[in-house]
Amino acid sequence: MKPPLSALSLLLAALATAATASAKPEIVVVLNSGDGTISLLDKGNYREIKRFPVGKEPHHLMISPDGKDLYVANSVSNELVILDPDTGEIRRRVPKISDPYQLGFSPDRKWFVTASLRLDRVDIYKADGFQLVKRLPMPKMPSHLAFTADSSIVFVSLQDTNEIAAVDLAKQEVMWKMPSGKTPAGLYLTPDQKYLLVGVMGEDYINVIDWRAKKSVMKIHAGKGCHQFLPMGDKVHVFVSSRIDSQIDKLNFKTMKIEATYKVPGGPDCMQMTADGTELWTTSRFISKVSVVDLATGKLKKVIRVGYSPHGVYFRNHAETN
Amino acid sequence: MFDWFDTLFDLVQTRIFETVVQPIAYSLGLMAYSEMAYDGVAWFLYGMLQILLALVVIRPLESLWPAENWPDRRGTRLDIVYTLLARSGLLPLVFFVMLRPLTGALDGWLRLHGLILPNLEDLIPGLSEWPLISFLIYLVVIDAADYVRHRLQHRLQWWWELHALHHSQRMMSLWTDDRNNLLDGAISWFWFAMVSLLIGVPPGQFVLLVSAGRIIESLAHANVRMSFGWVGERLIVSPHFHRLHHAIGTGHEGRYFGCNFGTLFPWWDMLGGTANFEPGFPPTGIRDQLTGVNYGETFLDQQWLGLRRSFRAILGRKA
């Protein structure tokens, strides 16, 4: 009777492994910029399961081009912290990355670019090995970045001079600057590469810029304090958060019309949408919480307590962000 | 344990920010600074809490065990104005706005030339993962730097002429800590900002570091007959220890131009040979006040006299 027993124990072991795997919660990583911690949330149960120190002022994060690592930019610690995107565990640190407030890899994976909001710089590194190639002085407060699909240009919003700058990545020089409206923040390049959308935080609109002609072609009224974009992955819609009116608008960038508005408390900032399109998660900067919107009903579904001034948010199973 | 406090604090901070501060920032075109303004509301609330705590805890001690008995407290009133200006965040805001471009430009320039100043966390592996220990180390380092600053305030004649206002209070009370010449305050903040830049204190947190010991500083200045005992006196600055720093005869005279310069910890005085643990609670003030030298009765007088004397000291003239 030994063979059947062995088979049974193998079966039990397999079941136990499967049970363990299914019990492992799907993690949401939240950067608490104000207290230098990371909150790990259980996505299924909407609760914080762990909070741990990571460094000084972590603001933004992004997944590596190969999807294996999650990069957290600690602006005041001058470093990148590399996390396991599925568990949130720290894998290693990359030092000597100067004040990385915002970060991005060019689509061709050649360049890694950071914006230093506090020190008025844009730094260009080789993506492979993070070797600094160029440190570009900028007018005041460069904040958000957007790359063209061909990786030739990175656009930078300059919050304190109310401009957008275009940086030539091959030459590593500023090609041009143009006015953008008061305190520009988030940037989004439409998939057809025609328009650059700018969240105008000092006012209440999205500035639609024909960047090749270097002129504003439309202003779309949204909430006061327009801030950050998140594409829905359908190549038609993009979300835009507004800090002051505390809302998120759903913009159809084919028609350039707002199709829905979701009220979210506490100054919504960075966002992430679930892959099935049912939920929109956002950091609520000024109430130390993460808010979850049910996109079917348009209502606030959950509010989860995290650390001080939460900013970046990430989970693996999200909608396409291109 | 303190979740209820955090929740309440956040609620008040958010309400003030969203209903008052953020709309003002928006209307003035200052949204680029909205996150700093959000932190600013927290500084304001910390300051108000410090004052509340001082009123509830330290003020009764002054009544119960006074170091000196006064017929009334009218002489302390102007110091309350100084305290409100400092702890409401108004003066820190002015200094911060003045200094931020300067420190940012210096840090940015250094980086442009390839030098990123190290954080303490770079020098001590693993410290990033222990923020409380990191905070305490920063606090100790900042306090050591403050001891050096305070020694210079007494040693350099032009600086002493500004700092003398602080020492000229003959009715030293829990309100005296913030009685300072505005230029003296600005120079002190510049000092803190430079030290913070050197050791990598986050810009938003250095105010918290400076503020952290404020309640101890209020107690140190209080008109209280209180000593922390032989061991305690050597661990943290007490009302007795600091009274000797303000006392006529020891506070601004002698080989080191005073004694007991430590702000939070007496360790630096013990190391520097400037500690004085002698018993007693002597009267406070500056010796030349006994011969009629005036340091001003009104806010403007006090500010002006300090500036004039400092300027004359720079020019090498007699005050």
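Start with the lining of the largest cavity: its residues divide into 18 nonpolar, 20 polar and 9 charged. In this count, Ala, Val, Leu, Ile, Met, Phe, Trp, Tyr, Cys and Pro are nonpolar, Asp, Glu, Lys and Arg are charged, and the others, Gly among them, are polar. A cavity here is a set of points on a 1 Å grid over the protein atoms alone where a 1.4 Å probe fits but cannot get out, and lining residues have an atom within 4 Å of a point.

Before you select anything, two notes on the model. It is predicted: local features need pLDDT of at least 70, side-chain atom pairs count only at pLDDT 80 or more, and totals for chains, interfaces and linings use all residues. Residues are numbered from 1 along each chain as its sequence is written, chains are lettered from A and ligands numbered from 1 in the order in which they are written, and side-chain values use heavy atoms, with hydrogens and water left out.

**Stop 1: the largest cavity**

A search of the whole structure turns up 4 cavities of 30 Å³ or more. The largest holds about 760 Å³ of space, a volume being the space filled by probe spheres set on grid points that are joined across faces, edges and corners. Its lining counts 47 residues; select Asp177(B), Asp178(B), Asn180(B), Arg214(B) and Glu217(B) to see those nearest its centre. Then colour helix α6 (residues 131-155) of chain B, which gives the most to this lining, with 7 residues. Helices (H or I, at least four residues) and strands (E, at least two) are DSSP runs, numbered from the N terminus.

**Stop 2: a network of charges**

Which residues are linked in a network of salt bridges? Select Arg87(B), Asp177(B), Asp178(B), Arg214(B) and Glu217(B). A salt bridge is a side-chain nitrogen of Lys or Arg within 4 Å of a carboxyl oxygen of Asp or Glu.

Zoom in on Asp177(B) and Arg87(B), whose side chains meet in a salt bridge of 2.9 Å, N to O. This pair links distant parts of the chain, 90 residues apart: Asp177(B) sits in the loop between α7 and α8 of chain B, and Arg87(B) in helix α3 of chain B. Asp177(B) is buried at 9% relative accessible area, and Arg87(B) is buried at 5%; buried means under 20%, exposed over 50% and partly exposed in between, with a 1.4 Å probe and protein chains only.

Next, pick Arg214(B) and Asp178(B), a salt bridge with its closest N and O atoms 3.3 Å apart. Because Arg214(B) lies in helix α10 (residues 214-221) of chain B and Asp178(B) in the loop between α7 and α8 of chain B, the pair ties together parts that are 36 residues apart in sequence. Arg214(B) counts as buried at 17% relative accessibility, and Asp178(B) is buried at 7%.

**Stop 3: another bridge in chain B**

The structure holds 26 salt bridges over all chains. For one of them, select Asp79(B) and Arg179(B), whose side chains meet at 2.9 Å, N to O. Here too the pair links distant parts of the chain, 100 residues apart: Asp79(B) is in helix α3 (residues 77-87) of chain B, Arg179(B) in the loop between α7 (157-167) and α8 (182-199) of chain B. Are these two buried or exposed? Both Asp79(B) and Arg179(B) are buried.

**Stop 4: two buried aspartates**

Select Asp269(B) in helix α13 (residues 267-272) of chain B. Asp269(B) is buried yet has no salt bridge, and the nearest side chain of opposite charge, Arg151(B), is 6.1 Å away. Lys and Arg count as positive and Asp and Glu as negative; His and the chain ends are not counted. The side chain of Asp269(B) does reach the backbone nitrogen of Phe261(B), at 2.8 Å.

Now jump to chain A and pick Asp249(A), in strand β22 (residues 247-252). Asp249(A) is also buried without a salt bridge, with Lys263(A), the nearest side chain of opposite charge, 8.1 Å away. Its side chain makes a polar contact with the side chain of Gln247(A) at 3.0 Å. A polar contact is a pair of N or O atoms within 3.5 Å; within protein, one must be able to donate a hydrogen and the other to accept it, and residues adjacent in sequence count only if both atoms are side-chain atoms.

**Stop 5: a positive phi**

Finish at Met141(A), in the loop between β11 (131-137) and β12 (142-147) of chain A. Met141(A) has a positive phi of about 60° although it is not a glycine, and it is buried at 2% relative accessible area.

Key: On a 1 Å grid over the protein atoms alone, a cavity is a set of points where a 1.4 Å probe fits but cannot get out, and a pocket is an open set with protein on both sides within 12 Å along at least five of seven lines; lining residues have an atom within 4 Å of a point.
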